[in-house]
Amino acid sequence: MSAMSGKVVQNVFIAQTYQQNRQVGTPYRRDCCAPYMRNSLPFQGGKLAWTGIFSSMQMRTLSKYQSGFINRAAVYCNAASSTAAVPALDKADFLKLQNGSDIRGVAVAGVEGEPVSLTEPVTEAIATAFASWLLEKKKADVSQHLRVSIGHDSRISAQTLQDAVSRGIAGAGLDVVQYGLASTPAMFNSTLTVDDAFLCPVDGAIMITASHLPFNRNGFKFFTNAGGLGKPDIKDILERAADIYKNFAAQAFMNSEKIVSTSVKRVDYMTVYTSDLVKAVRKAAGDIEKPLVGFHIVVDAGNGAGGFFAAKVLEPLGAITSGSQFLEPDGFFPNHIPNPEDKAAMKAITQAVLNNKADLGIIFDTDVDRSAAVDSTGREFNRNRLIALMSAIVLEEHPGTTIVTDSVTSDGLTSFIEKKLGGKHRRFKRGYKNVIDEAIRLNSVGEESHLAIETSGHGALKENHWLDDGAYLMVKILNKLASARAAGLDGGSKVLTDLVEGLEEPAVAVELRLKINQNHPDLKGGSFRDYGEAVLKHLENRIDSNPKLQKAPVNYEGVRVSGFGGWFLLRLSLHDPVLPLNIEAPSHEDAVKLGLFVAAAAKEFQALDTSALDKFVQAF
């Protein structure tokens, strides 16, 4: 492998078809690659075999791709045939790919009823659109060469999409730096790191991931040094992509004048990212080289991108990691869904802790922006309990600070934060970007906030540039273990368990999903969002007539009601035609009483599928 100061792993070349003077949607005229060249990046030791030109151009690597991926079977990572005409897509088709502040779609064919929507042409158009957006954002002129880093998780479509993104970015005239297997937090960090040897900082970063979704899905997250892009930015990029794609399709890619080769750098940036995590723990322990010596910590990466944490973070700190599982990247996720909210996933890491008599267990989602933990007794630190633990750690460092959470956190958590810890709890909206943006806003108006965290496991700290970083959350927990050891307190993970002592937890906590049938005549041609809002308004109006129920005095999402010793929240999903209903209560009987109240209000809406709620209230 070639190297630059030992940091650049290799230079690779990507075949580009350039069209003269193609407009990419910015005031700056750039050459732009044809997005339907189905070539892939050649790798060291491989050979490139081209057959024909344009749509029939394909690459065959004659050596195994050296990435650590498990070679399970031949998989078609794109439904579009290389010889087929590019399907016509309009702006609405592109906008369907928006998932809040992310882009997500189907990237692998073969699942019935799920046609591929994230094709290579679509991907290249999106990448080119991000390039045009970035040029405007950075106010770059033609003489400037902006640089974009690209990373991916373990999904089986990752390489195909990375190549397509690289063509789109390079074709717009920007430099490309590929990181290969990486984590979402590392991609944002690459916009902040100052290190010429690693080609940092980059001007923009793209993470190819679909979080915990099934193997056939994939998507994109975008970053600049200001943080992750928000919903308006994603909509802007998709609208640009639709225009770019239409221009490509109209010209049928036959106006290409020449094929050139553009150098694409490949860098092992994860070395930088993991080194920073190690340094943070050592610093918390008073600059001890191996502050975790004697601690037995197991990691479950769920075959996602988080396997690095055992060998690259824990072991350099002295921890024993035997018993760690599912560290190998495998985009079929054969063992369990890589999701800290998934019961099977949490059962797997809990069992690993108990089987290995470990002090602590750590589990990540696919792209490592979420995490959870398990103590030595098998007690889980996820959802409200993880928030309580992180709140205790942060409030020790910043007394009185405001903890911003999503809307489905428990009343017991509020009491714990405000009465036990002396902090403030601001229960805001669902959506990690909403929670983070609210914490940033509070600081801007003079209310100190150092932690923004969702029950899903997304957690961001002010000290870490408000990046939702699952690995950094675990580093904060490791800091607590290491500092306690340095202070002479040695009780394993008991120091963590003691921090959440006094957290009131409900006997019953459920989430039921009430789906809206968008084809039902009861919608009368309206949108599911309007229909859902009507359900919420009707429910809210009924509360006043029941003296045993009380609306939450401060609420930012849906209808939250207290009663029968518990509470419920009915809200409209951020993206889907669904009304999620959360119920927490001290007993099953009380939970059913809350559920019956919602069921009575919902029965007047024929397009609302209440079967999950009906089953719940009838079970007791």
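Reply: Two strands pair if DSSP finds at least two bridges between them. Helices (H or I, at least four residues) and strands (E, at least two) are DSSP runs, numbered from the N terminus. The model is a predicted one, in which local features need pLDDT of at least 70 and side-chain atom pairs count only at pLDDT 80 or more, while totals for chains, interfaces and linings use all residues. Residues are numbered from 1 along each chain as its sequence is written, and side-chain values use heavy atoms, with hydrogens and water left out.

The sheet is open and is formed by 4 strands in the order E16-E15-E17-E18, with mixed pairing. Its edge strands, E16 and E18 (459–461), each pair on one side only. On average, and with direction ignored, neighbouring strands of this sheet are turned by 20° against each other. Here axes are lines fitted to C-alpha atoms, for helices over the stretch in contact, and angles run from 0 to 180 degrees between N-to-C directions.

Consider next strand E15 (residues 402–405). From this strand Thr-402 and Val-404 point one way, Ile-403 and Thr-405 point the other way, and all are buried (buried means under 20% relative accessible area, exposed over 50%, and partly exposed in between, with a 1.4 Å probe and protein chains only).

E15 has parallel pairings with two strands. With E16 (residues 424–427), the pairing is parallel over 4 bridges, and the bridge partner of Thr-405 in E16 is Arg-427. From E15 the chain passes through helix H10 (residues 411–420) to E16, and this β-α-β crossover is right-handed. That term applies if, with the strands pointing away from the viewer, the path from the first strand over the helix to the second runs clockwise. H10 lies across E15 and E16 and runs at about 150° to E16; contact means heavy atoms within 4.5 Å.

With E17 (residues 449–453), E15 again pairs in the parallel sense over 4 bridges. In E17, Ser-449 is the bridge partner of Thr-402.

The sheet continues from E17 to E18. These two strands run antiparallel and are joined by 3 bridges. The bridge partner of Ile-453 in E18 is Gly-459. The parallel pairings of E15 with E16 and with E17, together with the antiparallel one between E17 and E18, accompany the mixed pairing of the sheet.
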